[in-house]
Amino acid sequence: MAFKTSQVDLLIIGAGPAGLMAACWASRYGMLTRIIDAKEHRTETGHADGVHSRTLEILDSFGIMDPIMRRGVHEVEMSYWGVNKETSRLECQQRARSQPEGLSRFGQMLLNQGEVEQILIDYIESKGRVKIERQRRADKIYFTDHESHPVTVESTTQGTDRMTQVLSPEDRTDATGNAQVTELIQARYVVGCDGARSLVREQLKVPMDAESTDSMWGVIDIVPITDFPDIRQSCAIHSDQYGSVMTAPREDRLVPFYIQLKGEGDLDRKAMDKTEESPHALIQMAQRIMQPYSLTYKYCDWSSIYPIKQGLIKQYHVNNRVFLAGDAAHTHSPKAGQGMNVSIQDTYNLLWKLGSVITGVLSPEILETYELERHPVAQELMKMDSKLVQTYEQSNAPISEVCKVRRQFSGFMSGVEVTYGPNVLIASNELGERSQRARNVTIGRRLGTVPVVNQADASTIELARALPSTGAWRLLVFPGDLRRKENVKKLDIFTEAFQSHAECGNSSNVLAAVIQRMVIELILIHKSPRTSVRLLDLPELFHPFDENLGWDYGKVFIDEGSAYAEFGIDEQIGCAVLCRPDQHVAWVGGLDEVSGLDAYFSALST
């Protein structure tokens with residue numbers, strides 16, 4: 001067999017949620033990216049259900065929320081069912097909002113993983129820069145001494161007889177009639193998103209701390225026929241005698257049932273055997289837990305049996321050239337609906353960094369922050385998952401304990417309160433004047449959103465809509481009320497200092513280099529009445545001119561509500577907030593601290 005050799009800037013292995021998000025980001029950068037997957041097609045049935053707030057924010061930042069809003073089911077409330085000790089009857093003992101109000105402008109949605117994957121695929125195809133290569137395996141991965149492309153992946157394509165017809169004779173090596181083509185892909189960087197049985201992880205011998213229990217659960221997606229009153233709500237249902245069931249309403253009247261396999265009876269043994277009897281056995285078990293309510297079905301979409309296992313890799317990268325994400329990096333139970341969400345958030349964190357390094361904007365040293373930021377998140381995930389599983393399975397624990405645990409981790413579970421600690425990309429959150437510039441803004445956490453009014457057209461938008469995932473950094477400038485002469489003067493001093501840095505001919509001026517690569521956008525949010533300010537009277541930094549497109553009308557906004565108050569910004573002092581391309585706050589400073597920005601970026605320079 002002849003080996004073909006090719007080179008690529010970035011190779012993504014695996015086209016599940018993590019790999020597809022990686023490809024979405026990669027589509028925004030001018031680099032050669034490939035994504036390969038051994039499967040013939042995307043996930044079609046089953047698997048993950050919940051799409052949490054932060055994931056929805058991320059999808060919205062790519063402009064792809066509408067299909068989820070059309071197809072998904074809003075999860076607003078959870079009900080907790082247990083057996084009344086006095087009457088021995090199953091009853092609803094507590095109801096609670098799925099997540100506290102105010103965490104995000106989005107709540108939680110329920111939609112099957114396959115449809116989420118398709119939405120990401122549609123986005124990737126619309127950009128036309130990355131093509132998903134199906135039925136292409138990554139057979140081997142290893143390092144070489146190649147200076148620029150040190151990672152080699154041996155990859156085999158398998159296809160049908162129709163594919164064989166377009167191949168050269170030397171590539172038609174499979175006696176069964178299938179075509180095989182082996183390619184040596186030399187990559188600058190590789191991202192392994194190839195699942196819990198990751199070949200990338202195994203081939204490179206990345207150690208994983210793994211823990212399994214005797215606990216077994218079954219999952220079945222059906223269109224239920226039942227008199228259970230809360231079937232269209234997410235429920236936790238507990239029987240001291242028979243175990244627990246979790247339900248979540250989904251699109252097309254589907255409801256996944258997560259069923260604890262408890263006991264030694266025939267039903268349990270049948271359920272644990274992957275036979276044609278498994279779906280029926282699982283429903284019998286669920287009905288036993290939910291009695292006296294009836295439960296039958298005519299349509300079953302998917303079912304599976306799984307043990308409760310946890311695994312977390314000890315390192316997220318090998319030589320800062322190969323990175324692991326999603327299930328390849330961490331495995332856990334589906335109790336909190338975190339698998340797809342954390343996987344997407346992994347590569348959302350990683351890929352803008354890789355894009356910035358590959359395109360020469362920032363130093364490769366920033367890649368160290370992927371492990372620094374995401375490994376603690378996975379550790380917290382393991383802690384939460386263990387606590388949830390233990391609470392669900394405790395025979396005598398009141399069902400209210402499940403609600404208590406979910407409430408305890410609600411900010412983390414939603415993803416919006418994930419906060420990255422100080423590193424080269426996150427300035428130290430000092431307890432001094434700087435941290436008081438925006439008292440309610442947490443450095444290292446994604447910037448919350450508030451309604452703001454566009455200066456040019458008077459439309460109200462969420463501030464987050466001004467921070468789309470394009471690869472740009474955003475410097476948000478809050479000068480206060482521009483009717484005050486001292487505020488206008490401070491803004492002028494800031495823009496003059498910023499402009500002088502941007503136009504500095506000295507190559508050692510890092511901020512100038514960054515600005516010239518067009519990775520920083522300035523956004524102005526003032527506290528003046530709209531009619532008291534004319535857009536073109538403001539510094540041109542906030543309405544840059546293009547010879548073909550004219551003035552930019554999308555970078556000046558007014559706080560007519562509570563933006564300053566929400567962020568804890570003093571109108572008399574003002575401040576500047578720097579957001580990374582993933583909307584996490586990187587730095588907060590005063591309008592007289594442009595030199596602080598230069599110092600910040602100096603640590604990131606190539």
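Student: At what angle do the axes of helix H2 and H9 cross, and how near do they come?
Tutor: This is a predicted model, in which local features need pLDDT of at least 70, side-chain atom pairs count only at pLDDT 80 or more, and totals for chains, interfaces and linings use all residues. The axes of helix H2 (residues 53-61) and H9 cross at roughly 45° and come within 9 Å; axes are lines fitted to C-alpha atoms over the stretch in contact, with angles from 0 to 180 degrees between N-to-C directions.

Student: So what do you call H2 relative to H9?
Tutor: At that angle H2 is therefore oblique to H9. Under 35 degrees is roughly parallel, over 145 roughly antiparallel, 65 to 115 roughly perpendicular, and the rest oblique.

Student: Which residues of H2 and H9 make the contact?
Tutor: On the H2 side they are Arg54, Thr55, Ile58 and Ser61. H9 supplies Asn341, Ile344, Gln345 and Tyr348. Contact means heavy atoms within 4.5 Å.

Student: And H1 with H4, what angle there?
Tutor: About 20°, with the axes of helix H1 (residues 17-26) and helix H4 (residues 113-127) 9 Å apart. H1 and H4 are therefore roughly parallel to each other.

Student: Which residues of H1 and H4 make that contact?
Tutor: From H1, Pro17, Leu20, Met21, Ala23 and Cys24 take part. From H4, the residues are Gln113, Glu117, Leu120, Ile121, Tyr123 and Ile124. Residues are numbered from 1 along each chain as its sequence is written, and side-chain values use heavy atoms, with hydrogens and water left out.

Student: Step back. How many helices and strands are in the protein chain?
Tutor: The protein chain has 16 helices and 28 strands, which are DSSP runs numbered from the N terminus (H or I, at least four residues; E, at least two).

Student: How much of the chain is buried?
Tutor: Of the 606 residues in the protein chain, 57% are buried. Buried is under 20% relative accessible area, exposed over 50%, partly exposed in between (1.4 Å probe, protein chains only).

Student: What share of the contacts comes from residues 24 or more positions apart?
Tutor: Taking contacts in the protein chain with a separation of 6 or more, residues 24 or more positions apart account for 72%.

Student: Now Ser333. Where is it found?
Tutor: Ser333 is in the loop between strand S19 (330-331) and helix H9 (339-358).

Student: Does Ser333 count as buried or exposed, and why?
Tutor: Ser333 counts as buried because its relative accessibility is 3%. Its side chain makes a polar contact of 2.4 Å with that of Asp385. Such a contact is a pair of N or O atoms within 3.5 Å; within protein, one must be able to donate a hydrogen and the other to accept it, and residues adjacent in sequence count only if both atoms are side-chain atoms.

Student: What does Ser333 touch?
Tutor: Not counting residues up to four places away in sequence, Ser333 touches Ile308, Lys309, Asp385 and Val389.

Student: Which side chain does Gln233 join in a polar contact?
Tutor: That of Arg95, at 2.9 Å. Gln233 sits in the loop between strand S12 (208-226) and strand S13 (234-239), and it counts as buried because its relative accessibility is 17%. Beyond its neighbours within four places in sequence, Gln233 contacts Glu77, Ser79, Arg95, Thr247 and Pro249.

Student: Last one: where does Val255 lie?
Tutor: Val255 is in strand S15 (residues 255-261) and, at 1% relative accessibility, counts as buried. Val255 and Arg232 are 23 residues apart in sequence, and their C-alpha atoms are 7.9 Å apart.

Student: What is Val255 in contact with?
Tutor: Leaving aside neighbours within four places in sequence, Val255 contacts Ile220, Asp221, Ile222, Pro224, Ile231, Arg232, Thr247, Ala248 and Pro249.
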